[in-house]
Amino acid sequence: ELKEVSFDINGQTRWFEFSQVQHEWPDQSRLQVGCARDVTDRKVQENKFKSFATLDCLTDLPNRRYFMSRMEEMYSTLRRDPSQQAFVVLLDLDNFKNINDQFGHVAGDGVLHDFSRRLQTCFRDSDCVARLGGGEFGVLLHGTDTYDALIWSERVREQITGTPFNMDAQSIRLQVSLGISPLLAIDESAQVLSLIHISEPTRRS
C-alpha cells in the first residue's frame, strides 16, 4: 500500500511516499515493515504540469480551459439550487493589435500583463478572472445580482479607460468592448460565450 503525505521541515514542505508490508505468523504474531522515500521533486514537477494546463503563462491568470471548467461547475451549482445567481463578463481590447503593430509584441505583452493586474483589482478574490486568448478576457461572478454585476462592469470600464498605460515614454489608452450575461441552469457554457461574444458587446468604451 502506497500513501503520500507532506511535512513541514525547516519551513519547507517535503512530500514522502510511504509503503508498508505486513506479515502474520501462524501464532498470529505480526511483523510490519515500512519504508519512506522523499518524492518532493516529483510533486513539484506534477504541480508545475497542472499549472501549465490551467494557467496563462503571460498574465498568470487562469486560461480558457480553466474558465470553461469553472463555468461547468457553476452550471451544476445552478441546477442544484436555481435561487443562486451568476454572471459571465467578457472583455476584449479593441486596439490591442494596433499596440502590437506600433510598439512590438514585447510591449503588447507588457500591456496584457498590466491590464490583467488592473482587471483583478476590480473584482473579488472569489471571482474567476481569466485570459481566454489574445486580448480577450472573461470574468465569472457568483453570488451577485444584476445591479452589482453592472456596477463591477462599470468599475472595469473606468479603471481601464481612465488611466493610460505607459509604454516607451508614451501614454496608451485602451479601448475595451464589454459583454455581460446572466448564467441560467438551462444554458450551456459554449452557447453563452457565443451569445455575448465581443462582436456584439452590450457596452463599448
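**Notes on helix α3 and the cysteines**

1. Just after α3, Gly 104 takes a positive phi of about 100°. Helices here are DSSP runs of H or I with at least four residues, strands are E runs of at least two, and both are numbered from the N terminus. A word on the source: this is a predicted model, where local features need pLDDT of at least 70 and side-chain atom pairs count only at pLDDT 80 or more, while totals for chains, interfaces and linings use all residues. Residues are numbered from 1 along each chain as its sequence is written, and side-chain values use heavy atoms, with hydrogens and water left out.

2. Which residues of α3 are buried? They are Phe 96, Ile 99, Asn 100 and Phe 103 (buried is under 20% relative accessible area, exposed over 50%, partly exposed in between, with a 1.4 Å probe and protein chains only). These four cover an arc of only 100° around the axis, so they sit on the same side of α3; the arc is taken from the directions from the helix axis to the C-beta atoms.

3. Turned away from that buried side, α3 carries the exposed Lys 97, Asn 98, Asp 101 and Gln 102.

4. The cover over the buried residues of α3 includes β4 (86-93), α4, β7 (165-167) and β8 (170-172); contact means heavy atoms within 4.5 Å.

5. Now the cysteines: Cys 57 counts as exposed because its relative accessibility is 56%, whereas Cys 122, at 1%, counts as buried. The disulfide count is zero, a disulfide being a pair of cysteine sulfur atoms within 2.5 Å.
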